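These are my notes on a structure I opened today.

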Amino acid sequence: MAAAAVMNGNASSADWEGRYYHVDQILDRPGPRTDPSFLAGDEVKDFLRNKCKILVIGAGGLGCEILANLALSGFKDIHVIDMDTIDISNLNRQFLFRPKDVGKSKAIVAAEFIMNRVPGVKVTPYFGKIQDKDEDYYMQFNLVICGLDSVEARRWINATLVNMVDPENPESLKPLIDGGTEGFKGQARVILPTVTSCYECSLDMLNKPTAFPICTIANTPRLPEHCIEWASVLEWPRVHGDKKMDTDNPEHIQWLYEVALRRAQEFKIEGVTYSLTQGVVKNIIPAIASTNAIIAASCCNEAFKIATSSAAYLNNYFMLIGTDGVYSYTFEHEKREDCPVCGGEALDITISKEWTVDRLIEMLVERQDIQIKKPSLSTPGTHIYFQAPPQLEEATRPNLEKKVSELVPDGGEITVTATTLPFSLSLRVKYT
Amino acid sequence: MSHKESQNIEQATTTVTTSQPDDKTRRYDRQLRIWAASGQAALESSRVLVLSSSATSTSILKNLVLPGIGHFSILDATVTTPADAGNNFFLHARESIGKPRAQEAVPLLRELNESVQGEAVFKDVKELLGTEQGRDWLTGFSIVIAHNLDKPTLEELSTLLWSNPNGPPLVAVRSAGFLAEFHIQYHEHCVSQTHSDTAPSLRITRPFPALLEWARSLDLQDMDPTNHGHIPFVVILVKLVDEWRQSHDGNLPKTAAEKKEFKSKILALKIKPDEENFDEAEAQAWRVWSEPAVPSDVQALFALPPLPSTSNAHTPEKHATFHALLDTLAEFTKDPSGPGTLPLSATLPDMKSDTESYVRLQNLYRQWAEVEKNKFKELFKAKHPQLADSANPEEVDTFVKNSHHLRVLRGKQWGAFDKDREAVANSLMMAPRETATHLGLSALTNLLSSDASKVTEDALRSEVQSIVGEGVDLPEELDAAIGEIARAPTADLPNMAAFLGGLVAQEAIKMITEQYVPLNGYCVVDLVDSWTGVIG
């Protein structure tokens, strides 16, 4: 799928005298907070402009900004991955895209735009999923910057980079810089896999997604959102059977909107609109250019400082809230010893002796610091429950009704895996 | 421009009933969820002036053109240098060198959003400041933004804009390498749509008649069990408070023991252990520990002194209605025939309840909120007949709806902080790194006005000392700041430009839309240790 990267002139012929007047003020001499290892002058410039290879994950709201900043800062070998195509609702902030680009690959259009605008920079796009690539691929980069809107994808890349660390080989440690925004709020952080707190360590900082109890949706709707959930969760499968709902299909949204509106009218509930319907079923996060610019700039600034050692880098979390004045908070997020990705220690959980396997699974899905969808469970000797393949699922299904305490002794360990996550979680179970 | 356009978008976002949204609504969908059609309309009728087309300036503009301001002008009398071509994304790299910089930048900014107009003005601001016509032009914008303007010019510009109470706010941005700051100059900024997260009072201890009537009419002992488990907690609490008052001389539960007793009364009403509405009532019992007071932030606005006469300014005309509404609100809370507090909010949180009870409760709140709003409007008309006639009804509605979260900010002229030695000395103690960085940048601005080659650490330190006054101890944080400034005194780094581009545009959007709360003072940025702070 990836378009071939086109070099628009090699690096030396594309440069001009004075091109790096601004950046070179930083690279030619250290500042008071610069590490002594900083190699001011030609050496650091040569590394940045001729040797450093950086990967950008996501070519959306943050990704467009990140690519432009990196190119202007002097990174010349940039790779970008994005599986999405351009939608009209991207154009209010994803500034490398125009109306004529709607429907095309974000990664490819963004890469071409940057190469046209900033001479001598090579951007290699990949139109696809990060999961398509293996460790050999990720090993080629010096740094990785993420501008993603998906928790799942972040967990995947985080775990992959942590797994790649080989203590014998310092090159195997790839700094990961992660940014995220929502409305006027955002955060940027630096993760040194196995050294600092990782993405998984901070999973409990995420906002809990709003979930409405099914009985409210079915029996006592009060809010317009309840009517919309009724349309999408209950009515769609009832009416359309196996036909999959596509939240990008305007006809599907229109159908949901009309069904939700009728239900709202029946119950005299106000406020169901097309826009709200779309917001609820697609879980739309409000987004603007300015917040993305701030967070992407912070990410790229950290990448620049790490790549050049020209100044200390962020340790390790920058949080911004722009709703009331300009408020930000910079702090060190601490590693979790029982982090399933970088901690090494089993997570202690205490549950009732009466809990069934099914109840335990429900907890694993819900707990903020775990959040594993469709987990499979085993102990060193036995399969407790497996989601796949079908034969194994069928064979282990009767265990769902059994008590955990019948299958695992007090203090025993359960290994939890999920196909979407490249790591396993060890639970040490105690009973009350 | 686009009165017509802004109406279109307003209609498109409020009346999508049968058809899908148009292209424009789809394009702006993610931001309309933040500032709605009214914020969008304000943006679309705004005119922004930016002085210089540096990397920072074009980054700021990019983040204003994308969401759809009406018009922008770039005032810049320079031609593109090789350095500009290297750090500015909105130039044609090497091809732009030697050509007027703003003229090169404008088309590349305009292509971000076809509905935005823009122009390059190849003139020097000093020249415009020197003529009547030029000064009129400079004051005719919604907001003026200046990046790295030299000190004498910035002083003259800030004085011009400050002298006119109806003139535009001025955003003055200064950056050098990893350090930067910006200040917004305005006399006053009034916001009713602050989008605060705190919910307004439900007024459970002072229920309006229809709500009290409902609560009193309930016979909890003899009631259908299903209905019993679905009474909204608001009604439960209203009923219990009413009963409590009758047996406690009209008082609310005060002591810890009384509060505990009140809570146990709630739970004692359960007829089944799983009645979640009663659990909710117990969890929400704190709502009845006190009477619904006017929030202290709003109360303070009732006693707001007039703008200081030294600033030589009157209340800006555009705020006349806001102040008249504020005055009416103060009157409303004091009116003996009124609720003794702010008008009731029609917004109800979700709660355990069946549909019918919830919708009934919601309607009661809506109807009574309407009653109090009408009362407010009568008062408004009586106290301020002229303004009540001319005021936009939507502005009045928005004001009443948001009366729990109103904010009025009083600003300062650019540079006033540096002249107030007591304030600077205080700030050095309270926020040493932010103040030190600010002073370092002020010193840089002073030094650059004479000779760029003079920017050394020693020169910066002695300049800082002369700003704060002899005898004031300078914190060690100053070394970190002036060391970085001396390292890169004229560097407009791409990442800093992008960072400021986001921050400044965001504050400009808050100023223009009069939604959310903008910066008051200086925002100082350090991208070595990655922090921001506000002083002054």
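Against which helices of chain B do the buried residues of H14(B) pack? I found helix H12 (233–247) and helix H13 (256–268) of chain B. Helices and strands here are DSSP runs, numbered from the N terminus (H or I, at least four residues; E, at least two).

I noted that this is a predicted model, where local features need pLDDT of at least 70, side-chain atom pairs count only at pLDDT 80 or more, and totals for chains, interfaces and linings use all residues. Residues are numbered from 1 along each chain as its sequence is written, while chains are lettered from A and ligands numbered from 1 in the order in which they are written.

I then listed the buried residues of H14(B) (residues 276–283): B:Asn277, B:Phe278, B:Ala281 and B:Glu282. Buried means that 20 or more other C-beta atoms, placed from the backbone, lie within 10 Å of the residue's own. Seen down the axis of H14(B), these residues fall within an arc of 145 degrees, so they line one face of the helix. The arc is taken over directions from the helix axis to the C-beta atoms.

Next I looked at the chain interface. I have 69 residues of chain A in contact with 68 residues of chain B, contact being C-beta atoms, placed from the backbone, within 7 Å. H12(A) gives the largest share of the chain A side, 11 residues. That side divides into 36 nonpolar, 23 polar and 10 charged residues; Ala, Val, Leu, Ile, Met, Phe, Trp, Tyr, Cys and Pro count as nonpolar, Asp, Glu, Lys and Arg as charged, and the others as polar.

Key: Contact = placed C-beta atoms within 7 Å. Buried ≥ 20, exposed ≤ 12 C-beta atoms within 10 Å, placed from the backbone.
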